[in-house]
Amino acid sequence: MKKNSSLKSSLLSKMVLAPYSVWAVLFILVPLVFVAYYAFTDNSFHFTTENITRFFTATSVNSEGAEVHTYLLIFARSLKLAVISTVICLLLGYPMAYIISKASSRTQSILLTLIMIPMWMNFLIRTYAWMTILQDTGILNGFLARLGIDPVHIIGTESAVVIGMVYDYIPYMIMPIYSIMAKMDNKLIEAARDLGCNNVGVLRRVIFPLSLPGVVSGITMVLIPSISTFYISQKLGNGKFYLIGDAIEGQYVANNLHFAAAIAFVLMVILLACMALMQRYADKKVTVM
Amino acid sequence: MNKMNRLSKVYTALIMIFLFAPILILIVFSFNEAKSLSVFSGFSMKWYRELLRDSETLTSVRNTLVLAVSASAVSTIMGTAAAVGINKLRNKYMRAALDTATNIPMINPDIITGISMMLMFVFVGRLFGAATSLNFATMLIAHITFCLPYVILQVLPKLQQMDKSLPEAAMDLGCTPMRAFLKVEVPEIMPGIVTGLIMAFTMSLDDFVISYFTSGNGFQTLPIRIYNMTKKTVTPKMYALATIIFFVILALLLISNLSGNEDTRALKEKKRAQKKARKAKVS
């Protein structure tokens with residue numbers, strides 16, 4: 001009787017897992033195989049490395065008349081803007097997470113709700129809001145004119161794209177850091193103080209190392225969407241700042257699916273490598289602690 | 001330590017201004033009489049009236065809700081079943097493989113998830129000789145796929161926290177495994193299922209990138225409609241729409257926060273009682 005029922009229950013647990021297993025293979029793993037398949041084939045599905053080669057070797061002439069590697073330059077630009085945005089998010093978000101974690105529990109829940117509200121608004125709307133602010137005839141310049149300051153030209157520059165990325169993704173930096181800090185044992189900080197550590201020392205030797213897992217997940221949560229975005233750069237960069245996401249989207253719209261897949265494939269491989277490296281680094285730090 | 005010092009207060013205020021100024025500006029200008037984005041010329045509701053007359057936007061709202069309800073319902077049922085199965089899985093390699101598969105849609109950038117599914121749908125569609133292979137069904141599949149990990153990751157910890165002897169006891173007392181699952185396990189893991197459902201629903205409502213790549217021409221969700229609206233010259237109709245979305249979100253968050261606070265209050269009281277009991281024991 002008992003054996004029968006445990007047999008039944010193990011069969012049952014296999015049965016409930018079956019739909020998801022099939023689904024995961026069909027719609028998570030197989031599509032990734034298709035990215036590689038499209039990346040390494042031409043329009044009639046014959047094997048070719050041309051798409052990948054094109055990504056690394058295609059050249060074009062830039063505005064100053066010099067010959068540059070088109071896609072490598074786009075990738076470098078995406079990486080640069082994403083790293084700048086991530087660093088700014090970290091610098092602005094870390095103190096905010098710290099302040100929230102030290103507040104009373106009532107204030108904590110209010111501040112967290114406030115930070116989550118923009119996060120729940122669609123990023124298209126948030127980005128669009130900045131477009132209306134930063135436009136040459138927008139609110140910012142209207143405000144500056146009233147103060148008697150000369151108008152500034154921001155829209156269409158790299159700064160505008162960075163502002164948009166920081167605004168859209170900063171909650172994703174604050175939340176994971178906060179959740180690690182909220183769990184941090186206050187006694188460790190008190191102990192460090194008792195043993196003669198000053199405020200800077202406590203921050204550098206106790207709080208920062210302990211919050212590292214939150215920092216790592218915050219960095220991944222900001223870096224990955226900002227490196228692959230295509231809307232922010234189109235709206236705030238006026239389409240001038242072609243990023244890797246724009247390149248993929250552009251090839252998709254032009255129906256060059258094989259080259260779009262090749263760019264996506266390169267991006268995916270690079271991101272996976274970065275993430276594996278970062279994870280290893282974070283693990284090491286934690287075990288040293 | 002509980003009180004915030006002045007520097008923290010100023011810093012918090014600056015961050016909040018940064019987060020909310022753009023949204024407030026949108027709200028204010030949604031009531032602007034003129035089309036201008038920098039001069040407020042007078043209060044008017046005309047952009048809201050125009051929005052309500054825009055049948056394309058209204059259809060897209062309906063589409064978004066239909067999609068989010070179906071995707072979150074399917075992914076919650078399949079995800080909960082999957083979590084139950086994963087939790088019982090003894091085979092280490094199977095488990096590692098499933099965990100990796102579950103993590104992929106969460107780690108991969110949306111654009112890659114979207115492109116990868118689109119490529120597969122187009123390829124399969126071509127095999128069957130279809131001219132356009134992207135439609136509501138492909139979008140639903142895509143949404144279910146990116147919602148599933150959120151459901152699984154909410155339900156799995158609840159299953160792990162649950163006392164394993166509870167369903168066993170039920171079965172010893174004559175319950176069939178199915179009955180034990182429905183009557184004992186499901187109520188225990190319900191909070192995880194509900195959070196998973198809410199997360200799946202909001203992820204589906206909010207998604208633009210994956211929908212953009214997997215939707216056909218006929219089916220437009222609200223984020224895709226917003227994208228198309230902001231492509232051309234924009235009327236403040238967009239602001240009216242953003243304002244409505246903002247207040248809906250605000251209301252939902254306030255409701256969920258109020259009920260959440262009750263939970264934490266109950267938890268705190270419980271902790272206080274435990275502390276008292278411990279003190280009594282010591283003395």
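This is a predicted model: local features need pLDDT of at least 70, side-chain atom pairs count only at pLDDT 80 or more; totals for chains, interfaces and linings use all residues.
1. Fold of chain A. Chain A contains 12 helices and two strands. Along the sequence these elements follow the order α-α-β-β-α-α-α-α-α-α-α-α-α-α.

2. Overall dimensions. With a radius of gyration of 24 Å, well over the 19 Å that the globule rule gives for 289 residues, chain A is more spread out than a compact globule. Its C-alpha atoms fill a box of roughly 80 × 65 × 35 Å along the principal axes.

3. Burial and contacts within chain A. Of its 289 residues, 40% count as buried. Among contacts in chain A with a separation of 6 or more, 68% join residues 24 or more positions apart.

4. Contact between the chains. Chain A contributes 69 residues to the contact and chain B contributes 61 residues. Several helices of chain A each supply at least two residues to the side that touches chain B, including α3 (70-102), α9 (199-228) and α12 (257-288). The greatest contribution to this side comes from α1(A), with 22 residues.

5. Nonpolar core. The largest nonpolar core has 139 residues, of which A:Val35, A:Ala261, A:Ile263, A:Ala264 and B:Ile115 touch the most other members. Helix α7 (residues 158-183) of chain A provides the largest share of this core, 15 residues.

6. Surroundings of A:Ala264. Leaving aside residues up to four places away in sequence, A:Ala264 touches A:Val35 and A:Ile248, together with B:Ile112 and B:Ile115 of chain B.

Conventions. Residues are numbered from 1 along each chain as its sequence is written. Chains are lettered from A and ligands numbered from 1 in the order in which they are written. Two residues are in contact if their C-beta atoms, placed from the backbone, lie within 7 Å. Helices (H or I, at least four residues) and strands (E, at least two) are DSSP runs, numbered from the N terminus. A nonpolar core is a set of buried Ala, Val, Leu, Ile, Met, Phe, Trp, Tyr and Cys residues joined through C-beta atoms within 7 Å. A residue is buried if 20 or more other C-beta atoms lie within 10 Å of its own, exposed if 12 or fewer, and partly exposed in between; C-beta atoms are placed from the backbone. The radius of gyration is taken over C-alpha atoms; the globule rule is 2.2 Å times the number of residues to the power 0.38.
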